[in-house]
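The report below is meant to be read beside the sequence and the three-dimensional view.

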Amino acid sequence: MSRTGTDSQQLHALSGAYALNALDPGERDAFERHLERCALCTQDVREFSATAARLGSAVALPAPPGMRRTVLARIDGVRQQPPARRSIVALRRRALPLALAACLAGALALGGAALREHEQAQRTAIALQDLTAVLSAPDARTVTTRPGSGMTGKVVVSASRDRAAFVSSGLPAAPAGRTYQLWFADGSVMRQAGLVRADGATVLTGPVGRATAVGLTLEPSGGSEQPTSPPLMLLALGL
Amino acid sequence: MELVARGDQDAFAALYDVIAGPVHGIVVKVLRDRAQSEEVAQEVLIEVWRQAPRYRPDKGGVMTWVLTIAHRRAVDRVRSAQAATAREQDTASREHARPYDEVSEQVEIRLESEQVRRCVRGLTDLQRQAVNLAYYGGLTYREVAETLNTPLPTVKTRLRDGLIRLRDCMGVTA
């Protein structure tokens, strides 16, 4: 085997150590140069980094109280880096769904405050997976409504995944004893699609199926079998 | 994330709620010093804000990106502290700044995710020790090799094998 081949093989074997940040700086640089030319290594590193991130998420701890306020205050004075040039197209294409994913997770984190922490983390992770599946679908479409009153509602729907997500912005807290509930409209029949626990994003329960619209109503706590009030918003899916 | 990348601080606040716990957790795990951890966790979160426009969705998910930054920053902090200690003490035990027992005790951790726990249990002893020491202990693979008294090439492959096994067990498709 040629010397280059051997070197390359040896470098390739470092993909695990690289993804775990376990290389010395010199080796890290050498491996990164190798990475630019090695599609297989790139795939390995991508998957190993995602695997390592799961190890990281598994040791999540509640953030120290007060850190949120400190960090949010500190970013105010921090200038962001300009985007790397060739990434702009990719960012634009995928960006909306990712922003929504952040919203959802935020909403879940708040909504689940009463749950035990790891349960909450697991729920968040599962819901985030569902949401990511909807939002990252190649055929994800967004339907938006602006019903006035400063509140915006969006539905992201993916026909290929047969799932939809509802995203609100400025949704006021539900009155005591009441909850927001989502519905799929199969023609004139309303099908339960889950509760909205907080302003933000929620994956609708159940498949989109032949639904023609998604509706939001205010229901007694725990939700209803059928809507008991006129929809606050109704978003035609236009399929 | 695009909103964050465009400087939307409300969007960053929503992102914060998702990532702060995992970021804080991994930093504490690697640094094991609560006071320093909060400082480093804050730096990481601000770094996420700063680098958001550079996030490349085609290279992986947001959480992976964030935790990669967090882990690297925590590891850098540990290593620079080790280097400083070594300089001060002028000792030859630089690579051994932390004995195995101390590290291994710290990395035999309570994993919050049943799936991750199960998958980690599915590793061979050597794979598990190597991955734990490297990831949670923040050791370089050279340090792992010395700590486990195992040849360097073996550690290199065990880290890789271990990650492959974890990846397949967790169903990671990135």
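Which side chain meets that of B:Arg77 in a salt bridge? The partner is B:Glu39, with N and O 3.1 Å apart, where a salt bridge is a side-chain nitrogen of Lys or Arg within 4 Å of a carboxyl oxygen of Asp or Glu. B:Arg77 belongs to helix H4 (residues 62-89) of chain B and B:Glu39 to helix H3 (residues 34-51) of chain B, so the pair ties together parts that are 38 residues apart in sequence; helices here are DSSP runs of H or I of at least four residues, and strands are runs of E of at least two, both numbered from the N terminus. With a relative accessibility of 41%, B:Glu39 counts as partly exposed, a class that lies between buried (under 20% relative accessible area) and exposed (over 50%), computed with a 1.4 Å probe on protein chains only.

A salt bridge also links B:Glu47 and B:Arg73, whose closest N and O atoms are 3.4 Å apart. Because B:Glu47 lies in helix H3 of chain B and B:Arg73 in helix H4 of chain B, this pair ties together parts that are 26 residues apart in sequence. B:Glu47 is buried at 11% relative accessible area, whereas B:Arg73 is partly exposed at 27%. Through shared partners, salt bridges join B:Glu39, B:Glu43, B:Glu47, B:Arg50, B:Arg73 and B:Arg77 into one network.

## Basis of the model

This is a predicted model, in which local features need pLDDT of at least 70 and side-chain atom pairs count only at pLDDT 80 or more, while totals for chains, interfaces and linings use all residues. Residues are numbered from 1 along each chain as its sequence is written, chains are lettered from A and ligands numbered from 1 in the order in which they are written, and side-chain values use heavy atoms, with hydrogens and water left out.

## The interface of chain A and chain B

The contact (heavy atoms within 4.5 Å) takes 72 residues from chain A and 78 residues from chain B. The area buried between the two chains, meaning the accessible area (1.4 Å probe) that two parts lose on being put together, summed over both, is about 6,700 Å², and carbon and sulfur atoms give 62% of this area.

Across this interface there are 5 salt bridges, and B:Arg167 and A:Glu47 meet in a salt bridge with N and O 2.8 Å apart. On the side of chain A that touches chain B, at least two residues each come from helices H1 (3-12), H2 (15-19), H3 (25-35), H4 (39-57), H5 (67-75), H6 (88-111) and H7 (117-135) of chain A.

## Strands of chain A

Strand E3 (residues 163-169) of chain A is mostly covered, with 5 of its 7 residues buried. Strand E2 (residues 152-158) of chain A runs antiparallel to E3(A) and is joined to it by 7 bridges, pairing being assigned if DSSP finds at least two bridges between two strands; A:Val155 stands opposite A:Phe166. E2(A) and E3(A) form a hairpin with 4 residues between them, and A:Asp162 in the turn has a positive phi of about 60°. E3(A) is also joined by 3 bridges to strand E6 (residues 201-203) of chain A, again antiparallel, and here A:Ala165 stands opposite A:Val203.
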